[in-house]
Amino acid sequence: MSPSGPSQRALVDRRGCLTPAGFEALARAPVGRGPAELAAHVASCPRCQERMLAGPAGARPSSTPARRRKPRLWIGVGLAVVAFVLALAALILTARLL
Ligand SMILES: [Zn+2]
(Lines give C-alpha, C1' and ligand atoms only; values in the text may rest on other atoms or scores of the structure.)
Protein backbone atom coordinates (compact mmCIF):
# COMPACT_ATOMS: atom_id res chain seq x y z
CA MET A 1 0.00 0.00 0.00
CA SER A 2 1.26 3.44 -0.82
CA PRO A 3 1.62 5.45 2.37
CA SER A 4 0.83 8.80 0.83
CA GLY A 5 -0.37 10.55 -2.27
CA PRO A 6 -3.74 10.92 -3.90
CA SER A 7 -5.85 7.91 -4.57
CA GLN A 8 -4.68 5.65 -7.35
CA ARG A 9 -7.90 6.18 -9.22
CA ALA A 10 -7.13 9.80 -9.92
CA LEU A 11 -3.77 9.00 -11.50
CA VAL A 12 -5.16 6.94 -14.35
CA ASP A 13 -8.26 7.15 -16.45
CA ARG A 14 -10.60 4.39 -17.51
CA ARG A 15 -8.21 3.20 -20.20
CA GLY A 16 -5.42 2.92 -17.69
CA CYS A 17 -3.64 5.90 -19.17
CA LEU A 18 -2.21 8.56 -16.97
CA THR A 19 -4.26 11.60 -16.12
CA PRO A 20 -2.63 15.01 -15.63
CA ALA A 21 -2.51 14.11 -11.95
CA GLY A 22 -0.70 10.92 -12.86
CA PHE A 23 1.87 12.79 -14.91
CA GLU A 24 2.30 15.23 -12.07
CA ALA A 25 2.87 12.38 -9.63
CA LEU A 26 5.54 10.98 -11.93
CA ALA A 27 7.16 14.38 -12.35
CA ARG A 28 7.24 15.07 -8.63
CA ALA A 29 8.57 11.69 -7.65
CA PRO A 30 12.35 11.34 -7.32
CA VAL A 31 14.07 9.52 -10.13
CA GLY A 32 13.78 5.79 -9.64
CA ARG A 33 11.26 6.17 -6.84
CA GLY A 34 8.23 7.11 -8.87
CA PRO A 35 5.05 5.12 -8.92
CA ALA A 36 6.16 1.87 -10.51
CA GLU A 37 2.79 1.17 -12.05
CA LEU A 38 2.61 4.55 -13.73
CA ALA A 39 6.18 4.36 -14.98
CA ALA A 40 5.61 0.88 -16.34
CA HIS A 41 2.50 2.00 -18.15
CA VAL A 42 4.20 5.01 -19.72
CA ALA A 43 7.05 2.77 -20.82
CA SER A 44 4.62 0.56 -22.69
CA CYS A 45 2.09 3.11 -23.86
CA PRO A 46 2.97 5.29 -26.88
CA ARG A 47 -0.05 7.46 -26.23
CA CYS A 48 1.15 8.41 -22.76
CA GLN A 49 4.69 8.86 -24.06
CA GLU A 50 3.49 11.39 -26.60
CA ARG A 51 1.49 13.19 -23.97
CA MET A 52 4.45 13.22 -21.63
CA LEU A 53 6.74 14.57 -24.33
CA ALA A 54 4.16 17.16 -25.25
CA GLY A 55 4.23 18.27 -21.64
CA PRO A 56 1.88 17.48 -18.80
CA ALA A 57 -0.87 20.05 -18.64
CA GLY A 58 -0.23 22.37 -15.75
CA ALA A 59 2.32 20.08 -14.15
CA ARG A 60 5.36 22.03 -15.21
CA PRO A 61 4.48 25.63 -15.95
CA SER A 62 8.19 26.52 -15.75
CA SER A 63 9.03 24.48 -18.80
CA THR A 64 9.13 26.86 -21.70
CA PRO A 65 7.50 25.86 -24.96
CA ALA A 66 9.73 25.21 -27.92
CA ARG A 67 11.35 28.49 -28.72
CA ARG A 68 11.38 29.73 -32.23
CA ARG A 69 14.62 28.85 -33.79
CA LYS A 70 16.29 31.25 -36.11
CA PRO A 71 15.08 30.87 -39.65
CA ARG A 72 17.54 29.11 -41.85
CA LEU A 73 18.88 32.38 -43.09
CA TRP A 74 22.46 31.17 -43.08
CA ILE A 75 21.54 28.47 -45.57
CA GLY A 76 20.23 31.06 -47.98
CA VAL A 77 23.30 33.24 -47.43
CA GLY A 78 25.56 30.25 -48.01
CA LEU A 79 23.77 29.33 -51.21
CA ALA A 80 23.99 32.92 -52.41
CA VAL A 81 27.74 32.99 -51.73
CA VAL A 82 28.26 29.68 -53.53
CA ALA A 83 26.20 30.87 -56.49
CA PHE A 84 28.19 34.10 -56.60
CA VAL A 85 31.52 32.24 -56.55
CA LEU A 86 30.35 29.89 -59.29
CA ALA A 87 29.17 32.78 -61.41
CA LEU A 88 32.48 34.56 -60.86
CA ALA A 89 34.41 31.43 -61.82
CA ALA A 90 32.30 31.06 -64.93
CA LEU A 91 33.01 34.66 -65.84
CA ILE A 92 36.74 34.18 -65.35
CA LEU A 93 36.80 31.00 -67.41
CA THR A 94 34.79 32.68 -70.15
CA ALA A 95 37.14 35.65 -70.15
CA ARG A 96 40.14 33.34 -70.49
CA LEU A 97 38.60 31.46 -73.36
CA LEU A 98 37.81 34.57 -75.32
ZN1 LIG B 1 -1.36 5.23 -21.66
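Of the contacts in the protein chain between residues at least 6 apart in sequence, 42% join residues at least 24 apart. Two residues are in contact here if their C-beta atoms, placed from the backbone, lie within 7 Å. This is a predicted model, where local features need pLDDT of at least 70, side-chain atom pairs count only at pLDDT 80 or more, and totals for chains, interfaces and linings use all residues. Residues are numbered from 1 along each chain as its sequence is written.

Next, the layout. The protein chain has 5 helices and 0 strands, and its pattern along the sequence is α-α-α-α-α. Helices (H or I, at least four residues) and strands (E, at least two) are DSSP runs, numbered from the N terminus.

Now burial. Of the 98 residues in the protein chain, 10% are buried. A residue is buried if 20 or more other C-beta atoms lie within 10 Å of its own, exposed if 12 or fewer, and partly exposed in between, with C-beta atoms placed from the backbone.

Which residues make up the largest nonpolar core? The 8 are Leu11, Leu18, Phe23, Ala25, Leu26, Leu38, Val42 and Cys48. Helix 2 (20-28) and helix 3 (36-44) each supply at least two residues of this core, and helix 2 gives the most, with 3 residues. Such a core is a set of buried Ala, Val, Leu, Ile, Met, Phe, Trp, Tyr and Cys residues joined through C-beta atoms within 7 Å.

Last, helix 3. Its buried residues are Leu38, His41 and Val42. Seen down the helix axis, they fall within an arc of 100°, so they line one face of helix 3; the arc is that of the directions from the axis to the C-beta atoms. The face turned away from the buried side of helix 3 carries the exposed residues Ala36, Ala40, Ala43 and Ser44.
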